[in-house]
Amino acid sequence: MNKLLKQHVICPEVCIRCYTCEMTCPIGAIEHDDNNVVVNADICNFCMECIPVCPTGSIDEWRVVQEPYSLEAQYEWMELPEQEKFADSAEAEDKNLVDPEIEALLLEAQIGAGGKVTPPKSASKPVIALYGMETPAQVVVQGNYCLTDDPDHDVRHIIFNVGDTPIPVLEGQTIGVVPPGTDPNGKPHNARLYSVSNPRDGERPGYNNISLTVKRDEKGVCSNYLCDLNQGDVVNIIGPFGSTFLMPDDPAAHLLMICTGTGSAPMRAFTMRRQRAVVGASGGMTLFFGARSAGSLPYFGPLAKVPQSLLNQHLVYSRDETQPKQYVQDRLLDNIEAVANLLINPATYIYICGLRDMEAGVEIAMTKIASESGKNWKDLRDQMRTDGRYHVETY
Amino acid sequence: MTILDVNYDSLIPNNVGLSQDRKVLKALEKWHPGYISWWNDLIPKEFQESMVYLRTAVSVDPKGWTKFDYVKMPEYRWGILLAPQKEERTIPCGEHFGEPAWQEVPGEYRNMLKRMIVIQGDTEPGSVEQQRFLGLTAPSLYDMRNLFQVNVEEGRHLWAMVYLLQKYFGKDGREEADDMLVRSSGSEEAPRMLGAFNEETPDWLSFFMFTYFTDRDGKMQLESLAQSGFDPLSRTCRFMITEEAHHMFVGETGVGRTIQATIEAMNAHGITDPYDINKVRDLGVIDLPTIQKKLNLHYSLSLDLFGQEVSTNAANAFNSGIKGRFMEQRIDDDHRLASDTYIVRTIKDSKVVAEEVPALTAINMRLRDDYVRDASGGVGRWNRMIAKAGVEFEMRLPDEAFHRQIGVFSEVNADTEGNLISLESWEQQKKNWLPTKGDGDYIQSLMKPCVKPGEYASWIAPPRMGIDNKPGDFEYVKLHMA
């Protein structure tokens, strides 16, 4: 079977033929006749400039195809064709392009949510799997900074310059990094997934860069590769992946974020997005962040600069000599009343990210906290998850 | 806040270096209080105080003009934004074809240019005035938000034209800018300049028809002005077009959703005859024949906006490079039209005949023909919805001779097919073609506000998709409850 392609299409039933996309497209990939506005698959480079300007949302449509629809075919459309089903793929969604192994990794990471996860209602629509193993995007290392002051915990903040390559990532999405070389069996390495730690408009607004938070694992092929990168090195990345662990765009939403270690990456992205996007009052954010000590807590310095009014911070240490040992679940229980109020608030969205070990403790704490307001945690959690308000990614 | 405290650089998002331009800044400082008081007097107070989920343009790149947030309308940041200057842009039409585009007003065309900007500018506040009371009967918070989005952007378009007048036309430019706030839609003494902008917008179906037909005309006019050899006008209009798209969206989907509610209700109650008007109206929806009548009215009014079919003014504007044709750069001809001809329908001996006239004088007609083609696209889509529901009915654009006040057809009476008929016959039949007082009363009886998030009036279907990826039950307006 030929390689599958992703094609940008426009829904003729929803489009009102205002031609704003056509005028916005910087490379002339969009044209129209009396019937339809259509995208030329040979020209479109997925730069996404046309997406925000469309007044209808009809522009945000994609099909996975073997053979792209021609302009002539698109001009004849009265409605969008169904996504074709391919013989070797069970599901005919965006997932078609997602490598089954990557899909498995994502599902594995989200297993702690306890069931089928839905994205927040007001989340932006993510772009998925623009770059696959056969067509990775090449990005250049712009910086590689050590975030911790603890030799046993080497956590890096790595910034990639993506140049002119469009890589539209949303906060909470992950990208895959493909380490060079082969495994002991002589096969190319699999990709490893990392949450981006920057908001959608870049590490710096308007700069085309993305950042990752990576902890060196002594035996980890990919983490050692990443942590040892130097400025100017070229890295192959794939993705973006993930369509549920996303933040609500609704400024009134309250984000309750619970994380440890590099699980702070998406929380950092969420916080920066809020700082940049929400001008007036917001629903607020609460962070429970666990580490061994201040020295091994990534982003300890920058966090101190985020005002408490935006982000209510609880930094929790398990090996701080000056304090009794505490884990995030302990701190959750210390704040039982405040957290209980958050749990019953329909504007609260919960995000849990970090080491799998934390899950059990957090579950126990949440069960206690929920019962404080007479609720059964499991029911509450399942309801929140169905509403798109409960998200877990652990590893 | 006194006017001295207004920091125009932060108050007015702009990419024209406003803070350095003392002259324009001074003129705007004088004009701005009048504008704010015009706005405050216009829109009912409870809406001025409400938080509306609006899109504000803060810059002209695609990401900069789609910033959504809750704002109170009087605090909306009306910006002055021009599309980026294209290097070495040349005049795209007329006798100066190929010469460098003017960055300053060419003296010989000063008055013509000013008049064109004034007419365009006058329509912008006109439509806000026409729609001022619609907020009170919004069929949902979603629709209310869309109305206010259209209103604030028409307000911004007025700013855009006022900026050009103040920047490039000196004292009389400033006077013209002031007059924009003096004239008022439907006024006896000082009406708006174009007829369609003095008509009432009594109900939401009229609003949707207006934003479908009249804003689509507005878009065509802007497209032609975007072809102007006067570069600041071209750049201003190019950016305005991008906002106009949302207004057309409101219109096309608004009419579509009205039709959808009707055919769904008919099907749910097993009504197959769309002309069984009383039965359909009993369901709290607007019957298709009445929707067709509204369409006839608004379409014919919008055709009048194109002016005389054969016009020396239009010829002069094209020939001097002040105003181009729709998509001028895509038209494959010499862009001068010195010897070309164009077919125009006209009346000769009480008959409609086709006549070949110099293309230069038929500029208006050509734009109108382009408009008719463009406008029929949405009608086709509405018909597909009706057909899909299995209802036997087709919406149609009436003939261009029908119900005209301007141009050759204003002299005669024609039915919707374009057959010329006697005045007597017209008087007898017009109730079948145009909304009657009874139709208006019925529609008015449905105009009851729905202000709970996710609630929609009986006569209109919820949207397929919300604004800014938000769901239909999002609280698009946080109403101020006094």
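A: In strand E15 of chain A, the residue that stands opposite Cys353(A) is Glu393(A). The model is predicted: local features require pLDDT of at least 70, side-chain atom pairs count only at pLDDT 80 or more, and totals for chains, interfaces and linings use all residues. Residues are numbered from 1 along each chain as its sequence is written, while chains are lettered from A and ligands numbered from 1 in the order in which they are written.

Cys353(A) belongs to one face of strand E14(A), and E14(A) itself covers residues 348-354. Strands here are DSSP runs of E with at least two residues, helices are runs of H or I with at least four, and both are numbered from the N terminus. E14(A) pairs in the parallel sense with E15(A), residues 390-394, over five bridges; two strands count as paired if DSSP finds at least two bridges between them. E14(A) also pairs in the parallel sense with strand E11(A), residues 254-260, over six bridges. Within that pairing, Leu256(A) has Ile350(A) of E14(A) as its bridge partner.

The strand is mostly covered, with seven of its seven residues buried. A residue is buried if 20 or more other C-beta atoms, placed from the backbone, lie within 10 Å of its own; it is exposed if the count is 12 or fewer, and partly exposed in between. Thr348(A), Ile350(A), Ile352(A) and Gly354(A) are buried on one side of E14(A), and Tyr349(A), Tyr351(A) and Cys353(A) are buried on the other, which leaves both faces covered.

Strand E6(A), residues 155-161, is mostly covered, with six of its seven residues buried. Strand E5(A), residues 137-146, runs antiparallel to E6(A) and is joined to it by six bridges; there, Asn144(A) stands opposite Ile158(A). E6(A) is also joined to strand E9(A), residues 209-215, by seven bridges, again antiparallel, and His157(A) stands opposite Thr213(A) in this pairing.

Chain A as a whole has eleven helices and 15 strands. Its radius of gyration is 22 Å, close to the 21 Å that the globule rule gives for 395 residues, so chain A is as compact as a globular protein of that length. The radius of gyration is taken over C-alpha atoms, and the rule is 2.2 Å times the number of residues to the power 0.38. The C-alpha trace of chain A spans about 70 × 50 × 40 Å along its principal axes. Of its 395 residues, 42% count as buried. Two residues are in contact if their C-beta atoms, placed from the backbone, lie within 7 Å. Among contacts in chain A with a separation of 6 or more, 75% are between residues 24 or more positions apart.

The second chain meets the first through an interface. In it, 21 residues of chain A are in contact with 21 residues of chain B. On the side of chain A that touches chain B, helix H1 (20-24) and helix H2 (50-53) of chain A each supply at least two residues. The residues of this side comprise eight nonpolar, seven polar and six charged. For this count Ala, Val, Leu, Ile, Met, Phe, Trp, Tyr, Cys and Pro are nonpolar, Asp, Glu, Lys and Arg are charged, and the others, Gly among them, are polar.

Finally, the interior. A nonpolar core is a set of buried Ala, Val, Leu, Ile, Met, Phe, Trp, Tyr and Cys residues joined through C-beta atoms within 7 Å. The largest has 136 residues, and those with the most contacts inside it are Cys21(A), Cys50(A), Val162(B), Met209(B) and Tyr476(B). Helix H5 (residues 141-168) of chain B contributes its largest share, 15 residues. Apart from this core lies another, of 71 residues, including Leu130(A), Phe241(A), Phe245(A) and Ile258(A).
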